[in-house]
Amino acid sequence: MAFDLASLVAAWAFCFSLAWGFQVPGSLLPTLLAGLAVVVPSYFAIFIALGLYRGIWRYASLHDLRQIGITVLLGTLLSTMILFFWSRADLIPRTTLIMHPLVVLFLMFGGRITYRWWKEQRMHAKGELDEGKPVLILGADEASFRLILQLQRIPSWRVVGVLDDAPKNQGRRVLGHRIIGRWSDLVAVAASTGAHHALLAVSHADQRTRRRAFELCESAGIKLLIIPDLGDVIAERVSYTAIRDVQVDDLLGRESVSLDTGGLRQLLTLKTVLVTGAGGSIGSELCRQIARFRPKEIILFELSEFALYEISEIMAIDFPDIRIRTIVGDIKDSRRLFDVFANHAPQVVFHAAAYKHVPLMETTNAWQAVQNNALGTVRLTEAISRFPVEKLVFISTDKAVNPTSVMGATKRLAEIHLQLWALSHPGTETVIVRFGNVLGSTGSVVPKFRRQIAMGGPITITHPDIKRYFMSVSEATQLVIQAALMGNSGDIMVLDMGDPVRIVDLAKDMIRLSGLPESAIPIQFTGLRPGEKLFEELLANGEATRPTLHPKLRVARCGALPSHQWAVDVHAWLSDNSNLLDADVRSGLARFVPEYMPFKVPGDNVVPLRPGNAASLRASA
């Protein structure tokens, strides 16, 4: 306040004197002082009212310049009005009224910036800024500017150089830090600067950029760190201080998903939404994504008490304003489902409850997979039939395409049932969404590989050529709710899964990400397990797709649907109260899912399609 007082007085005296050629007549000194008596209180009233003195000079920035500019402008207007009302500003040169605010702005902001520079120079002299870990910045754009600005305030890091591939940027500076080379110079630069860490600071870096940075850092013997996405930082969802190690998602991830937020608000905002399997990896992330669109209520339906407790606690912390209902229930329990719909009246249903582990469901547990995945879907549609539900979204899998596993066949059976059901229930839009493996989900290879690496190996893989489609859980769930909006009733929406990934390459990436050479952890091949394929498919034989307005969503054009008798026979089979043997389950699935190719298990005698039944299966609905 003392500095600003001195600035106001000095600026007024300077501008007043300048107007008179620095030869102010003695008779005008009372006018000069009278002007000060108006200007100083006017400005200070504005300074205090707008909280100018809450800032810290040590961190003066463009934000402070903007705030000073606003207060000076308002102070000028107020003081000028008072001077004209008081004496019409007689004998005060008009140039003084114009120049004074400009000089005040220069002095006030210049003083703050000078103080910041002096403080930082003192810290350099004392070595305080040289105690942090040396780090290189990869990239020279808006992201790197914001990152360096933040790192200057974090004593644990010390920027020693910037690398960027743009030729025009070579030799230039970002906040005083010189761009000392290209990314390809990383080995030499790391050796000369003593840096053991590098920070990737590229706005919207894609998978290819992240992988290149990772491989360059690996060859240079330094550790690559990732900053949060620039959009998340600007939206204040995360802070730049949330620097983290590179994860496998970063090397396999794709471009961020663009959502039709307006349409999704219309679908979800102020609606009651039911999510079955809400405690699973897909279901729980669905709940979080849905909550972003401010529904009236989210009903979490889950069989596992612990999983339900976990997601309910997370939702209560992350979305305290959203009403959450926690329902422990079995998707096969008709009475429980009826009670949920009668008491809570959900308008949109996301059906994610499923058994999805292929080998686990293939033997011993085959009938349980049928009951949970197929009968559970039938029971859900029976409940929905009695209530005004606007939309039903079914989470399917790429393993339902030309299935060789019981799990995949049960999902395909549920798909066919839903397509037939949608024809007779036009009041509820029914959309089926297919996608592949989700990184880090329950049963995924990623957590398994992490455990095996932590134990020193070996990493076990079924086959050296096995490939799978992967996407992050957030991308998958965002595309699911986008597909829910865009799909018409009965549509099978297919997500763009990108290119399939060799599981061997995934394992090697995870070994390297752990800081070890590939040779440090042995890899063993154990052979394909029951029901597994070498390659997953997203479309069955005879299916084609048509594009949608969203680049990552397509609609499958499926073959003819079976007759009504098929649905009657399936319902009778699913309602069998006996615990069928695995061979009987495969025989039954082969009857009702024509494209199912059962995995050959010793002792099985899978009954082929009967001629009469085959005809009914292929008849058009």
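1. Is glutamate 415 buried or exposed? In this predicted model, glutamate 415 has a relative accessibility of 0%, so it counts as buried.

2. Within helix H16 (residues 406–424), glutamate 415 sits three residues, about one turn, from arginine 412. These two form a salt bridge, with 2.8 Å between the closest N and O atoms, and both are buried.

3. Glutamate 415 also meets arginine 434 in a salt bridge, at 2.9 Å from N to O. This pair joins distant parts of the chain, since arginine 434 belongs to strand S13 (residues 429–434) and lies 19 residues from glutamate 415 in helix H16. Arginine 434 is buried too, at a relative accessible area of 0%. A salt-bridge network links Arg412, Glu415, Arg434 and Glu595.

4. Please look at arginine 112 and aspartate 4 as well: they form a salt bridge whose closest N and O atoms are 3.1 Å apart. Arginine 112 is buried at 4% relative accessible area, and aspartate 4 is buried at 1%. Across the whole structure, 18 salt bridges are found.

5. Finally, lysine 271 lies in the loop between helix H10 (261–268) and strand S8 (272–276). Its relative accessibility is 14%, so lysine 271 counts as buried. The lysine 271 side chain comes to 3.3 Å from the backbone oxygen of glutamine 266. Beyond its neighbours within four places in sequence, lysine 271 has contacts including Pro295, Glu297 and Glu390.

How values were computed. Residues numbered from 1 in each chain as written. Predicted model: local features only at pLDDT ≥ 70, side-chain atom pairs only at ≥ 80, totals over all residues. Heavy atoms only, no water. Helix = DSSP H or I, 4+ residues; strand = E, 2+ residues; numbered from the N terminus. Buried < 20%, exposed > 50% of the residue type's maximum accessible area, 1.4 Å probe, protein only. Polar contact = N/O pair within 3.5 Å; in protein donor to acceptor, adjacent residues only side chain to side chain. Contact = heavy atoms within 4.5 Å. Salt bridge = Lys/Arg side-chain N within 4 Å of Asp/Glu carboxyl O.
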